[in-house]
Amino acid sequence: MSMEKLDAALVAELKSLEEEGRAKPPERVITGYIPPKDERGPRYTLAGVDGEFIRLNSNSYLSLSNHSALISAADEATHACGVGPGAVRFIDGTFSYHKKLEERIAAFVDKPAAKIFNSAYTSNCGLALTIGNRKTHWIGDQLNHNSIIRGMRISGVPSNHKGIFAHNDMGDLRRCFGEVADDIERVVVIFDGIFSMRGDFAPIDRIIEICKENENRFRDGIITVVDDSHGIGAYGDTGRGTPEHAGAVPDIIIGTFGKAFGVNGGFIAASEMVVEAVRQKADTYIYTNPLSVADCAAATKALDICDSEEGLELLANLKNRTTQFREGLADLGLESIPGPHPVVPLMVRDTTKTRRMVEHLCNKGVLVVGLTFPVVPRGDESIRFQINAAHTRSDIEYVLACLAEKN
């Protein structure tokens with residue numbers, strides 16, 4: 001009865017987003033996948049647009065989404081158990097494929113146990129609902145992902161029980177500990193492993209050292225948590241992510257199967273007691289159907305591939321193509337944020353120029369993400385490039401040539 005009034009109000013709200021420069025553009029629709037051939041990596045077709053496109057805006061770092069083994073695993077699981085679970089986990093919605101994936105990801109990140117979710121977003125929210133209480137203080141990096149921030153909000157963390165330290169600033173992390181009230185019993189220090197818009201990583205070893213300096217102050221100690229969604233599978237010598245790269249492992253690891261592993265879903269890996277508490281307390285686990293068995297089977301196969309010679313070859317090519325692209329940017333005199341991760345930001349530092357470069361690349365058949373004011377502060381405007389293992393040397397050379405035309 002009141003939809004006309006609601007629609008009118010929403011029109012005004014959406015117009016405000018457009019005027020502020022924060023509205024999302026229309027969504028492009030991918031209509032097809034063209035497999036790699038010879039010296040050319042995969043291409044994609046878009047609805048209403050002629051031509052073929054290289055995706056440099058994909059989180060599928062190991063390019064496993066179209067791998068025949070994952071497709072076969074998903075197909076076999078679907079034929080065995082159907083396309084959906086038909087119930088939440090605790091009402092007979094748990095299948096053997098769910099349990100197998102939980103065991104497999106726990107072993108992969110070297111934790112005693114794991115619990116899978118529909119996404120890393122719901123994993124972060126579920127963890128906050130599980131381990132927070134009225135005597136818990138949360139400390140996070142200034143650039144933490146929205147899902148971490150949202151998790152704190154839905155779990156009702158009051159402002160005086162939160163601390164935010166400047167990005168990767170260990171001195172400021174110490175300041176946050178100095179502001180924790182004396183009656184706090186538990187502190188959670190939570191941070192991204194890879195900061196997805198920048199490609200830089202959390203200094204986990206240093207964070208853990210500072211936490212150890214303060215651990216005896218609190219009855220329940222200090223719990224370190226990393227959301228390594230952009231690191232797991234794509235980072236470290238064997239793809240174990242940011243903990244492997246940094247040489248230090250936090251108490252709890254949150255991650256996704258939807259990026260390097262090429263499938264869908266998220267996970268929390270931790271002690272057996274934390275995982276059981278998640279099962280008992282996390283609303284985002286309890287009150288929603290789980291992943292399909294197809295997702296679970298495909299994700300399990302992706303982990304198997306990562307632990308094989310094929311996986312190491314994919315990881316090696318990913319590193320080589322990332323190095324090629326970073327060195328190419330430097331040769332063109334273009335600015336980036338240093339680091340070995342396949343998220344490579346091109347710092348343009350001008351909104352109009354960023355938009356023009358993104359449009360130019362799209363016209364050349366290259367899909368990228370531009371970040372402009374007011375989404376980022378003036379002077380931080382950038383284009384995010386994401387290298388994938390299926391990109392070839394000639395693909396990277398072509399993209400660099402496109403950039404040279406606008407440099």
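1. Helices and strands here are DSSP runs, numbered from the N terminus: helices are H or I runs of at least four residues, and strands are E runs of at least two. By this definition, Pro-374 is found in the loop between β13 and β14. A cis peptide bond joins Phe-373 and Pro-374, with omega at about 10°.

2. The structure is a predicted model, in which local features need pLDDT of at least 70 and side-chain atom pairs count only at pLDDT 80 or more, while totals for chains, interfaces and linings use all residues. Residues are numbered from 1 along each chain as its sequence is written, and side-chain values use heavy atoms, with hydrogens and water left out.

3. Strands of a sheet pair through backbone hydrogen bonds, either parallel or antiparallel. In this model, 3 strands form an open sheet in the order β11-β14-β13, and the pairing is antiparallel. The edge strands are β11 (343-347) and β13 (369-371), each of which pairs on one side only. From one strand to the next, the twist averages 25°. Two strands are said to pair if DSSP finds at least two bridges between them; β11 and β14 (residues 382-386) pair over 5 bridges in the antiparallel sense. Within this pairing, Val-343 stands opposite Gln-386 in β14.

4. Helix α14 (residues 351-363) lies across β11, β13 and β14, and runs at about 35° to β14. For such angles, axes are lines fitted to C-alpha atoms, for helices over the stretch in contact, and the angles run from 0 to 180 degrees between N-to-C directions. Contact means heavy atoms within 4.5 Å.

5. Ser-58 is found in the loop between β3 (49-55) and α2 (68-81). Ser-58 counts as buried because its relative accessible area is 9%; buried means under 20%, exposed over 50%, and partly exposed in between (1.4 Å probe, protein chains only). The side chain of Ser-58 reaches the backbone nitrogen of Ser-60 at 3.1 Å. This is a polar contact, that is, a pair of N or O atoms within 3.5 Å; within protein, one must be able to donate a hydrogen and the other to accept it, and residues adjacent in sequence count only if both atoms are side-chain atoms. Leaving aside neighbours within four places in sequence, Ser-58 is in contact with Gln-386 and Asn-388. Gln-386 is the residue in β14 that stands opposite Val-343.

6. Phe-191 has its place in strand β7 (residues 186-192). Phe-191 is classed as buried because its relative accessible area is 0%. Not counting residues up to four places away in sequence, Phe-191 touches several residues, among them Asp-141, Ile-148, Val-225 and Pro-250. Phe-191 and Gln-142 lie 49 residues apart in sequence and 8.8 Å apart in space, C-alpha to C-alpha.

7. Two residues other than glycine have a positive phi and may be examined in turn. Asp-92, in helix α3 (residues 89-93), has phi near 60°. Asp-92 counts as exposed because its relative accessibility is 72%. Arg-349, in the loop between β11 and α14, has a positive phi of about 65° although it is not a glycine. Arg-349 is partly exposed, with a relative accessible area of 37%.
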